[in-house]
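Please read the following note with the structure open beside it. It is written for a reader who is new to examining protein models.

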Amino acid sequence: MALTIQSFSGGDVAAFVDDLARLRIAVFRDFPYLYDGDLAYERNYLATYSRSEGSVFVLAIDDGQVVGAATGTPMVGETDEVKAPFLAAGRDPAEHFYFGESVLLSDYRGRGIGVKFFEGREAQAKKLGLRYTTFCAVERAADHPRRPADYVPLDSFWTKRGYTHHPELRTTFSWRDLDEAEESPKPLSFWIRDLRS
């Protein structure tokens with residue numbers, strides 16, 4: 001079976017939730033997220049997305065195994081941490097489609113799958129009549145002790161996809177890093193694309 005990219009909405013993704021939870025934990029252990037994941041939390045998080053009206057899951061499936069995934073949902077249904085920077089800046093969350101994450105096993109990177117993930121989520125935003133797509137990325141210090149010597153940020157990839165960094169739109173999410181005993185807040189900033197330009 002060849003690798004396929006498929007989009008699912010809402011409850012249609014239920015059969016893949018455990019695969020997606022394990023995938024998020026595996027990929028987000030790497031820099032820059034360094035996330036010490038928990039399967040129960042992941043299942044709950046993904047269930048919230050699957051119940052969100054207008055959400056989309058874009059999955060990369062190889063021989064029946066989920067090897068990559070990207071999620072998106074209308075921002076109006078997102079948490080206060082996501083919406084607050086937009087409201088404070090006078091931007092209407094109802095015009096934005098929010099990308100939750102994009103995770104892909106390392107063996108599958110460099111094959112154009114990331115581009116397909118963006119295209120699938122942007123198609124959903126257009127279908128819903130939303131003008132903007134957006135996501136946030138964690139910010140880590142350049143001298144972070146866990147930063148790999150060969151680490152390359154994804155900024156140039158995002159820019160090529162038409163996204164502009166908006167460092168003035170900032171939020172914090174809390175999670176436990178691999179070397180932390182408890183959760184701590186992490187700074188993130190947003191990238192936005194105007195789908196009409």
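This is a predicted model: local features need pLDDT of at least 70, side-chain atom pairs count only at pLDDT 80 or more; totals for chains, interfaces and linings use all residues.

1. Helix 1 comprises 12 residues, which at 1.5 Å a residue should span 16 Å; its end C-alpha atoms are 16 Å apart, so expectation and model agree.

2. Which residues of helix 1 are buried? They are Val17, Leu20, Ala21, Leu23, Arg24, Ile25, Val27 and Phe28. The cover over these buried residues includes helix 2 (39–51), strand 2 (56–62), strand 3 and strand 4.

3. The structure has 1 cavity of 30 Å³ or more. Its lining consists of Leu20, Arg24, Leu46, Ala69, Thr71, Glu101 and Val103. Helix 1 (17–28), strand 3 (65–74) and strand 4 (96–104) each give two or more residues to this lining. By class, the lining holds 4 nonpolar, 1 polar and 2 charged residues.

4. There are 17 aromatic pairs in the structure. One of them joins Phe8 and Phe16 in a tilted arrangement, with 5.1 Å centre to centre and 55° between the planes. Phe8 counts as buried because its relative accessibility is 15%, and Phe16 counts as buried at 17%.

5. Phe31 and Tyr151 form an edge-to-face pair, 4.8 Å centre to centre with 85° between the planes. Phe31 lies in the loop between helix 1 and helix 2, and Tyr151 in the loop between strand 5 (132–138) and helix 5 (155–160), so the pair ties together parts that are 120 residues apart in sequence. Phe31 is buried at 11% relative accessible area, whereas Tyr151 is partly exposed at 24%.

6. One aromatic cluster is formed by Phe97, Phe99, Phe118, Phe135, Phe157, Trp158, Tyr163 and Trp191.

Conventions
Residues are numbered from 1 along each chain as its sequence is written. Side-chain values use heavy atoms; hydrogens and water are left out. On a 1 Å grid over the protein atoms alone, a cavity is a set of points where a 1.4 Å probe fits but cannot get out, and a pocket is an open set with protein on both sides within 12 Å along at least five of seven lines; lining residues have an atom within 4 Å of a point. Grid points are joined across faces, edges and corners, and a volume is the space filled by probe spheres set on the points. Helices (H or I, at least four residues) and strands (E, at least two) are DSSP runs, numbered from the N terminus. Ala, Val, Leu, Ile, Met, Phe, Trp, Tyr, Cys and Pro count as nonpolar, Asp, Glu, Lys and Arg as charged, and the others, Gly among them, as polar. The expected span of a helix is 1.5 Å times one less than its number of residues. Buried means under 20% relative accessible area, exposed over 50%, partly exposed in between (1.4 Å probe, protein chains only). Contact means heavy atoms within 4.5 Å. Rings of Phe, Tyr and Trp (its six-membered ring) pair if their centres lie within 6.5 Å; planes under 30 degrees apart count as stacked, over 60 as edge-to-face and the rest as tilted.
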